[in-house]
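Thanks for coming, everyone. I would like to take a few minutes to walk through some local features of the model on the screen, and I will go slowly.

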Amino acid sequence: MDVLIATPTSREAKAIRGRARLIVTGTAGAAEELDHAIREERPGVVVVAGYCGALDPSLKPGDIIVSRMAAQAGSPELLPEKGLVDAARDEFHRRRTTFVYSRLLTTDHAIGGKSEKLALWNEFGAAGVDMETYALAKAAEAAGLPWIAVRVVIDAANHSLPASLDGWSEDGDERDAVKRAVRRPMEWRAYGRLGLAYRSANKALPRAVAIVKAASQQRWERDLSLPLV
Amino acid sequence: MGIPASEAFAVSTHIAKQRIKGNKRYPLVMMLEPLWRCNLACVGCGKIQHSEEILGTYMSPQECWDAADECGAPIISIAGGEPLIHPQIGEIINGFIERKKFIHLCTNGLLLERWLPRLQPSKYLTFTIHIDGMRELHDEMVDRKGVFDKAVAGIREAKRRGFRVSTNTTVFADSSPEDMRELFNFLMDDLDVDGMQVSPGYDYPKAPNQKVFLQRPQMIETFRQILAFPERKHWRFFQTPIFLEFLEGKTAMQCTAWGNPTRTVMGWQRPCYLMNEGYVKTFDELINETEWDRYGYGRDSRCTNCMAHCGYEATAVKATIASPLEGIRAAISTMGGKKA
């Protein structure tokens, strides 16, 4: 069975590279991109993977979140398949890799400020926030496929992203981020912190994806071994 | 004076020692339930719905002391049930004092006047009297008339005898901010209690009346209103400023369930004081074999409407200790309450 890893940016894909069949969905139009990939690749499971911002204040950069549900303001919550989640949790435990099992919130814009993170934490109780999980999970469900999301924290809840990164989403273009940072010496500390966080997240993401991929395949094999009557 | 300096010092040194030892998880307060029998049946309580056989089971003093030794927490919160029903509660308390444990004896106050002559005031002993409102509201929440008057009489007598007295108020859907304002002014100005604790009620599935519980957004709004009253400046809370900010939705916190491990007549309760997934025999099993990351806001649906101090105060204490500025703020807040 093929596991399709859907990741929003080429930065995340670069971290995961070589570990699975991978598509880069982009942020805008992520669902359409996934839908197209599903029709072409015909996978058995969709794994949504990537970085996220933490809303849960106990999480730090590099911490792994496995989706308990995908949430989005004004939309019904989406639940990953229980068997898939249980298999992933077992595999994380087996490999002694810590993770939290919580909600992932999807928003239509990047959440970088502490106060906005606090408000979302109070309202949704989601461990992490990103801009794609909900749309991708919904697209997988529409295609009748089980899905699971795994996200790695890049910015902690009590840290704000540098203000000059507002609106920055150029896929994979770190040079643009560097240019923005150079122009704002007051934000160099925040950029330094983000750089360190990025390193931690970059190490954790491929590990997390490998675990979820293995769990997905085990789950599939377990299903095949069940008697048909 | 709010939290005694000696108690704050004991907690700080305990945390420092645990960190030096490299312990990732360590208890701050042991919640001890030496019995579940109670002389009230409060509408929001989910603690006492057990068989008669279990309600008739009491922990022996030795079991209580062994649990404290095993756990190592500097503070013991004795709850229940009603601990003053326990015929050996005096012996249990004195044993803890000998061990230099700080005790918060949580009681509804009905039997307080009976026990006071048999106990000695000590810096290690604080009576924490459960008061959910002024007369009408409190008696409604505990489902019996006259309880408020009895508890107030107990508080006055305990104060007269030189005991340290605090109160514990649970905020429910029927508790308006104005009710809480009146209560806190009464507790501070008329009864001159040494400190107060406040927490939103936890939506116990077994509680007799499920309509009394607030949802999380309502909790935050209610506490914002309560803590915005001008008298707030002279209310002395036996709680950290960070925890109160958390109740107002101004600070994000995750639960630290292992900070307040619970020992009951059935054993160590997993995972926390409010949720029950069974019991284990030893503290070591509880702390090392519980999958703690499974629990907390966002992680377990039973935690969605929980903002109780037994889960979050440990998080707040750790944050206070970690920041010198927060430590100073906490010290000022516990000492700064003055009569208006």
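**Backbone, strand and helices**

Let me begin with Arg96(A), which sits in the loop between helix H3 (82–94) and strand S5 (100–106) of chain A. Please keep in mind throughout that this is a predicted model. The phi of Arg96(A) is near 50°, which is a positive value in a residue other than glycine. Most residues other than glycine have a negative phi, and most peptide bonds are trans.

You will find Lys100(B) in the loop between H4 and S3 of chain B, and with a relative accessibility of 59% it counts as exposed.

While we are on the backbone, let me turn to the peptide bonds of chain B. Gly80(B) and Gly81(B) are joined by a cis peptide bond, with omega at about 15°, and Gly81(B) belongs to the loop between S2 and helix H4 (89–98) of chain B. A cis peptide bond also joins Arg270(B) to Pro271(B), where omega is about 0°, and here Pro271(B) is part of strand S8, residues 267–271 of chain B.

Now back to chain A, and to a residue in a strand. Is Ala149(A) buried or exposed? Its relative accessibility is 0%, so Ala149(A) counts as buried. This alanine lies in strand S7, which covers residues 147–155 of chain A. If we set aside residues up to four places away in sequence, Ala149(A) touches Val48(A), Ile65(A), Val66(A), Ser67(A), Leu104(A) and Thr133(A). Ala149(A) and Ile5(A), in turn, are 144 residues apart in sequence, while their C-alpha atoms are 9.5 Å apart in space.

Next comes helix H1 of chain B, residues 5–21, which has 17 residues and reaches 24 Å from its first C-alpha to its last, close to the 24 Å expected at 1.5 Å a residue. The buried residues of H1(B) are Glu7(B), Ala10(B), Val11(B), His14(B), Ile15(B) and Gln18(B). Seen down the helix axis, these buried residues fall within an arc of 130°, and they therefore line one face of H1(B). What covers them includes strand S2 (75–78), strand S3 (102–107) and helix H12 (309–322) of chain B. On the face of H1(B) turned away from the buried side we have the exposed residues Ala5(B), Phe9(B), Lys17(B) and Ile20(B). After H1(B) comes Gly22(B), whose phi is positive, near 80°.

Finally, a helix pair. Two packed helices are described by the angle between their axes and the distance between the axes. In chain B, helix H8 (residues 177–190) and helix H9 (residues 216–226) pack at an angle of about 45°, with their axes 9 Å apart. That angle makes H8(B) oblique to H9(B), and the crossing of the two is right-handed. Which residues of H8(B) and H9(B) make the contact? From H8(B) they are Pro177(B), Met180(B) and Phe184(B), and from H9(B) they are Thr222(B), Gln225(B) and Ile226(B).

That is where I will stop, and I am happy to take comments.

Terms used: Residues are numbered from 1 along each chain as its sequence is written. Chains are lettered from A and ligands numbered from 1 in the order in which they are written. This is a predicted model: local features need pLDDT of at least 70, side-chain atom pairs count only at pLDDT 80 or more; totals for chains, interfaces and linings use all residues. Side-chain values use heavy atoms; hydrogens and water are left out. Helices (H or I, at least four residues) and strands (E, at least two) are DSSP runs, numbered from the N terminus. Buried means under 20% relative accessible area, exposed over 50%, partly exposed in between (1.4 Å probe, protein chains only). Contact means heavy atoms within 4.5 Å. The expected span of a helix is 1.5 Å times one less than its number of residues. The arc is that of the directions from the helix axis to the C-beta atoms. Axes are lines fitted to C-alpha atoms, for helices over the stretch in contact, and angles run from 0 to 180 degrees between N-to-C directions. Angles under 35 degrees count as roughly parallel, over 145 as roughly antiparallel, 65 to 115 as roughly perpendicular and the rest as oblique. A crossing is left-handed if the near helix is turned anticlockwise from the far one by less than a right angle, and right-handed if clockwise.
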